[in-house]
Every structure is written in structure tokens, then in C-alpha cells.
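I opened this model to take notes on its helices and its loops. My entries follow in the order I looked things up.

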Amino acid sequence: MTGVACVAPRLQYYMHMTAVVQTRGTTPGAVSDLTIHSVIPSIRDKTVIELPGHWLVTAIAASLLVVLALMTRAQLELDSHNLIDRLFAVIAVAGIIARIALRRPRARAHRVARDAIDHIGLFALICLVGALASYPVAASTRGFEDFALERTDRLLRFNWISWYDFVAAHPWLQFAESVAYQSIFVSPAILLGYFAYSGRRGEARLFIASFWLAAVVTLLLFTLTPAQGPLAYLWHGRIPYMPQSALYQAQVIPLLRHHEVHTVAVTSIHGLVCAPSFHTVSAVLYIIAAWPIRRLRWPLLALNVAMLLATPVEGTHYLTDMIAGALVAIAASIAVRRGLLSLLEELRRPMPFDPLRTMLRRAPNRRLMQLLAMETSSGPRANAILHEIDRRGLDS
């Protein structure tokens with residue numbers, strides 16, 4: 001009986017392989033296609049295992065609580081009188097109401113709308129929490145690390161002043177870089193909209209989780225490397241061209257450290273993180289998420305490469321900041337797509353049925369001790385009983 005049970009799955013496997021070969025033919029191309037799609041599990045096969053939505057919600061909610069606690073410690077509060085912030089709050093409430101109404105979609109359009117609200121809502125909340133967190137985190141920092149960052153740039157043969165001079169001398173380039181730099185929210189809108197439309201909820205959640213983890217790591221590294229930025233540190237005299245990030249890092253961070261800023265408007269938050277560059281983090285994550293999608297791969301690659309080229313001047317970043325940001329994005333993506341996904345696979349893998357283990361789990365404590373006393377050798381059965389005793393802590 002045992003032999004039949006072992007042979008049956010193999011027999012089914014070989015029958016399946018034979019049917020596929022007969023269907024596709026025996027040409028080299030067909031054999032190669034069979035090898036790729038039937039024998040080697042593809043990346044997309046892994047995304048069938050979806051990251052639970054409540055994991056993301058819990059992580060973001062916990063992050064928000066931590067940020068609010070940090071803001072209280074830094075004597076900061078949200079500006080409740082800002083009219084634009086109130087409008088965004090109304091939009092958020094409307095989105096929550098719509099999501100509740102679509103919790104059981106009856107049509108494909110309803111499902112797309114539900115997923116779009118989920119994806120965009122979670123992503124926007126991460127952006128909001130991360131931007132808010134930069135203020136109390138900046139208030140807790142000491143000194144600036146521009147000397148070390150600029151010295152590393154010189155070792156890399158990167159001259160920020162020359163790059164800035166070139167941009168300042170060409171107005172058309174200033175406009176192009178400004179548009180490219182502000183496109184940071186265009187790529188995720190396209191990606192998350194596509195994920196919702198095509199029903200790729202698993203891929204969307206992996207992307208959002210990677211973005212959340214990268215934001216957390218960026219803020220932690222920011223505490224070690226606060227900086228004024230190359231425009232404030234390297235440029236002296238009249239400023240011929242004021243980029244998007246301006247001089248906020250050099251102006252706002254000292255005010256936060258001395259508790260001279262008490263309110264923060266959500267819609268008026270300035271970028272305070274110099275290293276790692278979060279624009280670089282975002283661009284690399286967008287490229288990674290778009291790469292498996294043929295329709296989006298090249299357009300989003302071009303858009304984000306343009307954003308990367310605009311980042312040194314428009315974001316007032318050292319090249320070192322950008323390299324650090326790229327490494328953070330790659331590490332976060334690997335940690336989520338390989339580490340977290342592998343953990344989910346392990347958690348969802350069914351445990352083999354073991355009659356002895358099941359019996360021991362159900363046995364009362366006294367009966368468990370009696371079974372151990374009846375054992376005359378240290379075989380697998382005795383080891384299983386000892387393991388169950390250890391699990392219950394009966395030997396302590």
C-alpha cells in the first residue's frame with residue numbers, strides 16, 4: 001500500500017509532462033519553454049502567495065503611533081487649521097467609506113476600485129507617515145555630516161558644483177529636471193493602478209511592503225547622517241538657480257533642534273532627509289516593480305532614470321546620498337521579496353500528519369509522564385515524548 005502511495009504522485013507527474021510535450025511539440029524551443037514554465041518555478045509563481053493585508057495595515061498603524069509619539073517628544077503637532085489639510089482629510093474619509101462599501105465586490109469594476117483604494121491608500125499613508133517622521137527625527141539629530149559626504153564624492157570623482165553650474169546655465173534643463181524630479185508620484189500611480197486593473201494584488205502588496213521597509217531604513221540612517229545638502233554647504237554667494245529642495249535642510253533642521261517649530265502642515269512638508277536620497281530609493285523600487293511588466297518596463301525606466309539625473313541638483317543631493325539610497329532600495333526589495341515571501345511559504349506549508357505527535361498533543365500531563373516511564377530505550381518515540389514535555393514546560 002505504501003509503495004502504491006509513493007508511486008501514484010510520480011505517475012501523475014510523468015503523465016502531465018507527457019501531455020504537455022505532446023501539446024507543444026518536441027522542437028528545441030518547445031523543450032526550452034517547457035523547462036522554463038513547467039520545471040523551474042517562475043518569479044510570478046511566488047507572488048501567488050499574497051502578503052496578508054492586515055500585516056501591512058498593522059505595520060503602517062504601528063509606524064504612525066511611533067511617529068505621533070516622536071512628534072509629542074519633539075513638541076510638534078499637526079496644524080489643524082490648514083484648509084488644504086482638511087480637504088485631504090475629507091478625501092481620505094470618502095475613500096474609507098468607499099472601501100467599506102466595496103468590501104464584497106459584485107463586478108470586476110468594483111474589484112478594481114476596491115484594490116485601487118487599498119493600494120493607493122496604503123502607499124499614500126506610508127508617504128504621509130514617512131514625511132511626518134522626518135521632522136521629529138531631524139529634531140533629535142546633532143551636527144551635520146556634509147564634510148564626510150562631500151569628501152566621499154570627491155573620492156568618487158563627482159563634482160557637484162560643475163553639475164549645478166551646467167544646470168544653472170541652461171533654463172530648458174532646469175524645467176526638464178523640475179518636471180522629472182516632481183514625477184516621484186507618477187510612477188507609483190501608474191504601477192498601483194495597473195496592479196489593481198490586472199488583479200495583481202500580491203505584487204502590489206510586495207511593492208508597498210518594500211516601500212515601507214525602505215522608508216523605515218532611510219529614516220534610521222538619516223539619524224546617523226544629517227546634512228545641510230551640497231547647495232548650502234558648497235555654494236557661496238548669489239544663487240543663480242534655486243532648485244526644488246531649496247535650502248530647507250539647512251534652514252529647518254536647526255529650527256527643529258531648538259524647538260522653534262511647533263506645528264506641521266501635512267501639505268507643506270519639506271524634504272529634510274539628505275542621506276540616503278529617498279528620491280533614489282523610490283526610483284530604484286519603481287524600476288524593480290515595473291521590470292517584470294513588459295508594457296511598463298521601458299516607459300517607467302526612462303521616467304525614473306530622468307528623475308535620478310535630476311536628483312543631484314533638484315534634490316540637492318551628493319552622489320554618495322544616491323548610492324546609499326540605491327543600496328537601501330535593493331536591500332529592502334530583497335528582504336521583502338525573498339525573506340518575507342519565504343517566511344510566508346513556510347508558514348503556509350501544511351505539516352505532515354504524524355499520528356504519534358497528534359496523540360502526544362492530546363494526552364494529559366499525567367498520561368505523558370506515564371508514557372515516558374514506560375519507555376525502555378531512547379528511540380524516536382521517547383524523543384517525541386521528551387519534546388512534548390519540553391514544549392509544555394513540565395520539566396521545570
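I started in a loop. Threonine 316 sits in the loop between helix 15 (294-314) and helix 16. I took helices (H or I, at least four residues) and strands (E, at least two) as DSSP runs, numbered from the N terminus. Phi of threonine 316 is near 45°, a positive value in a residue other than glycine. Is threonine 316 buried or exposed? Threonine 316 is buried, at a relative accessible area of 1%. Buried means under 20% relative accessible area, exposed over 50%, and partly exposed in between (1.4 Å probe, protein chains only).

I noted the ground rules next. This is a predicted model, so local features need pLDDT of at least 70 and side-chain atom pairs count only at pLDDT 80 or more, while totals for chains, interfaces and linings use all residues. Residues are numbered from 1 along each chain as its sequence is written, and side-chain values use heavy atoms, with hydrogens and water left out.

Then I took the overall view. I found 19 helices and 2 strands in the chain. Of its 396 residues, 37% count as buried.

I looked up another positive phi. Glutamine 75 has one of about 60°, although it is not a glycine. Glutamine 75 lies in the loop between helix 4 (53-73) and strand 1 (77-78). Glutamine 75 counts as partly exposed, at 45% relative accessibility.

The peptide bond from alanine 275 to proline 276 is cis, with omega near 0°. Proline 276 is in the loop between strand 2 (263-264) and helix 14 (278-290).

I moved to helix 7 (residues 146-155). Which of its residues are buried? Asp146, Leu149, Glu150 and Asp153 are. They cover an arc of only 95° around the axis, so they lie on the same side of helix 7. The arc is that of the directions from the helix axis to the C-beta atoms. Just after helix 7, arginine 157 takes a positive phi of about 65°.

I went on to helix 16 (residues 319-348), which holds alanine 326. Alanine 326 touches Thr280 and Val284, not counting residues up to four places away in sequence. Contact means heavy atoms within 4.5 Å. Alanine 326 and leucine 285 are 41 residues apart in sequence, yet 8.6 Å apart in space, C-alpha to C-alpha.

Among contacts in the chain between residues at least 6 apart in sequence, 80% join residues at least 24 apart.
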